[in-house]
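Let's take a friendly walk through a protein model, from the place where its chains meet to the residues packed inside. Have the viewer ready and look up each residue as it comes.

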Protein chains: 2
Amino acid sequence: LLTPDECDRLRVVLVATRNPLNLGAAARAMSNFGFHRLRVVNLYGLAFREARSAVGASQVLVDAQEYKTVAEAVADCTLVVGATAGRNREFQHPLRRLEAGARLIGAQLRSQAVAILFGSEKVGLSNRDLSCCHWLLRIPTREGHPSMNLGQAVAVCLYELARETEAEDAEPGAKPKAAIAADLERITAVLLETLRASGYLGAPPNTSAEEKVRRLVRRLDLSATDAEIWLGMLRQMAWKMGSGKKHD
Amino acid sequence: LLTPDECDRLRVVLVATRNPLNLGAAARAMSNFGFHRLRVVNLYGLAFREARSAVGASQVLVDAQEYKTVAEAVADCTLVVGATAGRNREFQHPLRRLEAGARLIGAQLRSQAVAILFGSEKVGLSNRDLSCCHWLLRIPTREGHPSMNLGQAVAVCLYELARETEAEDAEPGAKPKAAIAADLERITAVLLETLRASGYLGAPPNTSAEEKVRRLVRRLDLSATDAEIWLGMLRQMAWKMGSGKKHD
């Protein structure tokens with residue numbers, strides 16, 4: 001996980017974006033994942049002004065900085081990475097899958113500023129833009145349809161940067177407290193009672209059926225709380241059927 | 001990495017989506033990452049028709065299936081997961097971060113169908129929708145701005161499913177075939193009937209109690225075989241109590 005300082009060292013650079021909705025979407029994803037340094041280059045001014053003034057525009061967008069050239073926008077960065085759908089012309093650069101690339105970016109962010117460049121919706125990054133990059137980043141989309149929507153591409157890249165790595169997660173699995181065996185046995189007893197009262201099972205002894213029901217209850221993997229609920233429900237049914245029986 | 005067959009077992013279910021652009025964006029992300037079974041529930045028909053007829057609408061959107069209810073849309077799935085920004089009301093369900101949740105989904109996809117539900121832009125998934133879920137999935141957004149754009153949320157979830165894991169984990173997965181959602185819904189219905197017949201629950205409608213019971217049944221984590229047994233047992237009890245009632 002990145003620290004706030006590390007997040008602060010990332011610059012998301014949008015180059016020649018045309019659609020104000022995409023500007024807004026990119027800014028929103030940045031805000032969702034804790035990044036806030038948005039830089040825009042060579043924008044169609046109208047798109048930017050529209051996006052900025054849209055209702056609910058995020059603070060990220062309001063604070064965005066405008067640049068005339070990519071070179072100026074990345075001037076303070078020690079690593080510049082271009083996001084690409086991986087078309088042929090771009091293979092003059094090292095091309096890394098996002099999973100691996102994000103780890104390199106994360107390592108750099110520990111002490112230094114990094115820029116990720118996203119090109120325009122239609123043509124991506126120009127050769128001129130690419131020449132400012134140290135290497136290229138490819139989201140692992142499928143070959144038949146590699147090109148992502150700009151806002152979604154930004155979201156996926158930032159998510160990969162913000163996500164927990166395998167080493168970290170080891171989710172403690174906040175599993176609720178499990179039912180103790182005594183509770184399961186009580187449930188089994190009442191369930192057997194209801195099954196007999198309903199005619200599903202014949203009169204005891206019927207050892208094999210009882211064992212089947214006992215195993216069935218164990219397989220439910222009940223929490224302590226749920227066990228109590230089931231016990232209450234089954235008791236009510238047993239009572240109802242028992243009282244029904246009396247009047248047969 | 002998921003195989004094409006595994007991708008084919010995932011259903012992306014969009015519930016009550018309002019904005020046609022979001023439908024289009026979700027479909028595009030699916031296509032980017034190799035998923036193609038899109039299901040839409042309770043749509044504002046106009047949004048769907050608009051999105052479908054848009055220039056460049058992806059094949060995924062054209063092939064999307066429409067359903068009236070969430071229950072119908074997930075009927076063939078053995079695991080139903082709700083995507084959420086993690087607001088308080090939803091903590092009645094186990095809540096997993098996307099990183100860990102995606103691995104559970106991936107394991108299930110090896111042999112069985114899984115649905116991921118995405119709610120509407122404004123209000124997310126309703127309690128009724130959530131009660132059809134086994135557990136909830138949370139994209140690790142920051143607390144100050146947790147709610148993502150719908151199309152971006154879909155993209156991030158599918159990316160996490162499609163990405164390479166650090167140690168292509170080797171879960172043996174000798175788990176028995178799980179019950180499909182339609183079976184769980186049948187069990188829920190008969191259980192509600194028995195609970196009413198026994199006096200444990202009052203007469204319907206009692207939405208909150210129904211949702212509690214629906215969640216309770218999902219937490220049982222039933223196999224297909226056990227689901228059949230429980231259904232048989234509960235039907236017998238319902239019949240018994242029903243017939244008892246007649247003679248009251």
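The report below covers the interface, the salt bridges and the nonpolar cores.

This is a predicted model, in which local features need pLDDT of at least 70 and side-chain atom pairs count only at pLDDT 80 or more, while totals for chains, interfaces and linings use all residues. Residues are numbered from 1 along each chain as its sequence is written, chains are lettered from A and ligands numbered from 1 in the order in which they are written, and side-chain values use heavy atoms, with hydrogens and water left out.

**Where the chains meet**

Contact here means heavy atoms within 4.5 Å. Chain A brings 56 residues to the contact and chain B brings 58 residues. The area buried between them is about 5,200 Å², and carbon and sulfur atoms give 58% of it; buried area is the accessible area (1.4 Å probe) that two parts lose on being put together, summed over both.

Between chain A and chain B, 28 residue pairs are in polar contact, both residues being at pLDDT 80 or more. A polar contact is a pair of N or O atoms within 3.5 Å; within protein, one must be able to donate a hydrogen and the other to accept it, and residues adjacent in sequence count only if both atoms are side-chain atoms.

Which helix gives the largest share of the side of chain A that touches chain B? That is α12(A), with 10 residues. Helices (H or I, at least four residues) and strands (E, at least two) are DSSP runs, numbered from the N terminus. By class, this side of chain A has 27 nonpolar, 14 polar and 15 charged residues. Here Ala, Val, Leu, Ile, Met, Phe, Trp, Tyr, Cys and Pro count as nonpolar, Asp, Glu, Lys and Arg as charged, and the others, Gly among them, as polar.

**Salt bridges**

A salt bridge is a side-chain nitrogen of Lys or Arg within 4 Å of a carboxyl oxygen of Asp or Glu. The count over all chains is 22 salt bridges, and 6 salt bridges are found across the interface of chain A and chain B.

| Salt bridge | Closest N and O atoms |
|---|---|
| Asp8(A) and Arg37(A) | 3.0 Å |
| Glu164(B) and Arg97(A) | 3.8 Å |
| Asp226(A) and Arg219(B) | 2.6 Å |

Asp8(A) lies in helix α1 and Arg37(A) in strand β2 of chain A, so this pair ties together parts that are 29 residues apart in sequence.

**The nonpolar cores**

A nonpolar core is a set of buried Ala, Val, Leu, Ile, Met, Phe, Trp, Tyr and Cys residues joined through side-chain atoms within 4.5 Å. The largest one has 87 residues, and Ile105(A) and Ile105(B) touch the most other members. Leaving aside neighbours within four places in sequence, Ile105(A) is in contact with residues including Leu10(A), Val81(A), Trp135(A) and Leu161(A). Apart from this core lies another, of 46 residues, among them Ile187(A) and Leu184(B). In soluble globular proteins, nonpolar side chains tend to be buried together.

Terms used:
Buried means under 20% relative accessible area, exposed over 50%, partly exposed in between (1.4 Å probe, protein chains only).
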